[in-house]
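Please look at the sequence and the 3D structure below before reading on.

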Amino acid sequence: QMARVRKQFGEQTTFVETRTMGKVELLSDLQEYFKRRAEIEITYATSLDKLADRIVNKRVQTTRREPTSTQNLLASLLVETKKEARERHQLYDLFSGEFCQKLDAMVRDVQQISRRIKEVVVVSQEDLKKSFAKLSEDFRSYVAMSLQTADAEDKLKKTKDKTMTLISQDSRASIRRKKYEGKASKAGETLQVAKKRQCMSRNKYLLSLASSNNATDKYFNKELQDLFEVLDYDYHDGLQRLYELHVNSQLGFVEELQKSLSTLEECQKRVSFDADKYKLMEDYSSAFSPPGSFPQLRFQDDNVGQLSLQDGASEEKGKFKTLKEKLDRCLKSVEEEEKAFVFVKETMGHKKLGYEDAVPTSAIEDDPSSPPYLDNK
């Protein structure tokens, strides 16, 4: 188990180094991103500025002028372009300044915390290794004392067996018996001392075992958790604050861009052909106003009368009046003919008439109401 714990110590050190390298690489990539983004923003902002300034200078130098509504359309576009350039300048300052400074500070903090964590981990691991070494030493001492006790017990047992063998023999072996009884007594004392030492070494081993277990549990369940919290101290919160600042800056930029687009839309709605036409006619009134009537030019004593549109209109009016009088006479003649036709129809519709019953021609001629086309001719 000690070998397994030592292997875990090496893996923990490797983990701290790998974790630190991963965080530093991530922060470095973010820092490089915002640096390049700042360069892109300043390049784009400078290009927008140059474009707007070039168009403005060109419009100032030119003598041609468009009507007011279209002129305002271009002016609004240039103003909003300059405004967008200023907003992108602000993004450049934010990205290249505050963002990169925050990321640089976070990299330094991560590296410093990692070094401190490694130092604390090494010290804690060394303490645990010392505890493990003491546990191993106490265990070996306990084993040695146990072996000595077992050896003393074996010697005492052999001595007692030898003494009992001599007692069972004749009485002339008393001297030898006394000798072995002294050895047995001495072996008993040695056994008591060995047992005491064994008990002491065992207690010492148990204390070392409990201490090592407590230290191991404290290191893995408490100290490592605290070290992991310290290892990522303010890392996630710092990134959240950085991204929140980035999101807010982008939202502000988008809001200003939306306002610019709304302004352009309002300007586009104010473009009017009629207004521009009236403005052109007013500005160029001398070019489009009708000239006066041409005067009559006489050559020597030429007395030719001057024609005018008014005389032509009077002549046409007279012709119209004449045609109207003719039309009235024709209508009156048609009415008279209709009356004569009705009279003839009534006269011829009584019954079938013979020549003897026919109306004399002289009667028709004498009738004052007969139409003109019934005369002898």
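## Spaces, a helix and rings

The largest cavity has a volume of about 40 Å³, where a cavity is a set of points on a 1 Å grid over the protein atoms alone at which a 1.4 Å probe fits but cannot get out, and a volume is the space filled by probe spheres set on the points. This is a predicted model, in which local features need pLDDT of at least 70 and side-chain atom pairs count only at pLDDT 80 or more, while totals for chains, interfaces and linings use all residues. Residues are numbered from 1 along each chain as its sequence is written, and side-chain values use heavy atoms, with hydrogens and water left out.

The lining of the largest cavity consists of Glu80, Lys83, Glu84, Glu87, Phe253, Glu256, Leu257 and Ser260, a lining residue being one with an atom within 4 Å of a point. Two or more of these residues come from each of α2 and α4, helices being DSSP runs (H or I, at least four residues) numbered from the N terminus.

The second largest pocket holds about 230 Å³ of space; a pocket is an open set of points with protein on both sides within 12 Å along at least five of seven lines. Among its 14 lining residues, Met106, Asp109, Asp234, Gly238 and Arg241 are the closest to its centre. The elements that give two or more residues to this pocket's lining are α2 (68-168) and α4 (235-269).

Helix α4 has 35 residues and reaches 51 Å from its first C-alpha to its last, close to the 51 Å expected, a span taken as 1.5 Å times one less than the number of residues. Its buried residues include Gly238, Phe253 and Ser260, where buried means under 20% relative accessible area with a 1.4 Å probe and protein chains only.

A search of the whole structure finds 10 aromatic pairs, which are rings of Phe, Tyr and Trp (its six-membered ring) with centres within 6.5 Å, counted as stacked if their planes are under 30 degrees apart, as edge-to-face if over 60 and as tilted for the rest. Two of these pairs are set out here.

| Pair | Centres apart | Planes | Kind |
|---|---|---|---|
| Tyr142 and Tyr205 | 5.9 Å | 5° | stacked |
| Tyr219 and Phe220 | 5.1 Å | 90° | edge-to-face |

Tyr142 lies in helix α2 and Tyr205 in helix α3 (residues 174-231), so their pair ties together parts that are 63 residues apart in sequence. Tyr205 counts as buried at 18% relative accessibility, and Tyr219 counts as buried at 1%.

Methods: Buried means under 20% relative accessible area, exposed over 50%, partly exposed in between (1.4 Å probe, protein chains only).
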